[in-house]
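Please examine the sequence and the three-dimensional model shown below before reading on. The explanation then leads through the fold step by step.

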Amino acid sequence: MYTLHFSPGSCSLVVHAVLEELNIPFELKKADTKAPGYRAKVNAKGKVPALETPKGVLTECVAILEHLCDQHEGRLLGKPGTWERARTLERVATLATEIHPLFNRFFHEDDFSPVKEVQAGVKARGTEKLLAWFREQDAALRKPYWSGDTLDASDFYFMVMARWGRWLTPPANEMPNIRPFYERMVSRPSVMKAMQREGIRPFGTV
Ligand SMILES: N[C@@H](CCC(=O)N[C@@H](CS)C(=O)NCC(=O)O)C(=O)O
């Protein structure tokens, strides 16, 4: 049995929704990432997601997604060695290594400098870059999913990034082409169940 350590609405929601989508049995534990016990016993990095597995704890969204999908015939990711897998991982990696870090500038600007003026600049530039990126995605999104015609793991990740983007002006999840995608995703029983269990909503501030 797996146990997912999560924080509501954080990047762990990507893993949470994929666990539901793949119908994998798991327990859910709200993480106290600041607690010494969490660092000692679950994730020394003090972050979510962390997935307890029969083999040990696995961290990092990308690694967890790959592991879970591989346990289920490569569903949502494509089979190892295929072009489909490579392209899906390309999208997942872009979100994990490019877009999530931009959100860090937006949400946690004080991590980048102790100087208030520098923090303001970090946040402003992060905001600009995020808006430019979401506008590009919005202009390119013509298919039912961000990834194309068929749902894959990157769509769950993009959905969570678009939800975080609700704090931008204009909100990313309300951009004309992203909104129908986002509504399609948050209407999936897997996503509805994950959001309900985390006590969060698709739109609004909670
Ligand atoms: N590279 C990590 C990033 C994990 C991460 O930044 N998690 C955030 C939430 S999105 C976190 O746990 N922050 C500390 C906290 O919530 O206390 C991954 O992709 O899994």
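This is a predicted model: local features need pLDDT of at least 70, side-chain atom pairs count only at pLDDT 80 or more; totals for chains, interfaces and linings use all residues.

Residues are numbered from 1 along each chain as its sequence is written.

The protein chain is divided into domain 1 (2–70) and domain 2 (83–188); such bounds come from an automatic or database domain assignment. The C-alpha centres of domain 1 and domain 2 lie 21 Å apart. Across the boundary, 10 residues of domain 1 are in contact with nine residues of domain 2, where contact requires the C-beta atoms, placed from the backbone, to lie within 7 Å. On the side of domain 1 that touches domain 2, helix 1 and helix 3 (61–70) each supply at least two residues. That side has nine nonpolar residues, one polar residue and no charged residues. In this classification, Ala, Val, Leu, Ile, Met, Phe, Trp, Tyr, Cys and Pro count as nonpolar, Asp, Glu, Lys and Arg as charged, and the others, Gly among them, as polar.

Attention now turns to the sheet. Helices (H or I, at least four residues) and strands (E, at least two) are DSSP runs, numbered from the N terminus, and two strands pair if DSSP finds at least two bridges between them. Four strands form an open sheet in the order 2-1-3-4, with mixed pairing. Strand 2 and strand 4 are the edge strands, each pairing on one side only.

Strand 1 (residues 2–6) pairs with strand 2 (residues 26–30) in the parallel sense over five bridges. In this pairing, Leu-4 stands opposite Leu-28, and His-5 stands opposite Lys-29. Strand 3 (residues 50–53) and strand 4 (residues 56–59) instead run antiparallel and are joined by four bridges. A hairpin of two residues links strand 3 to strand 4, and Ala-50 stands opposite Thr-59.

Finally, the residues around the ligand include Ser-7, Ser-10, Cys-11, Lys-47, Glu-60 and Ala-96; a residue is near a molecule if its C-beta atom, placed from the backbone, lies within 6 Å of it. The shell divides into five nonpolar, three polar and two charged residues.

Key. Two residues are in contact if their C-beta atoms, placed from the backbone, lie within 7 Å.
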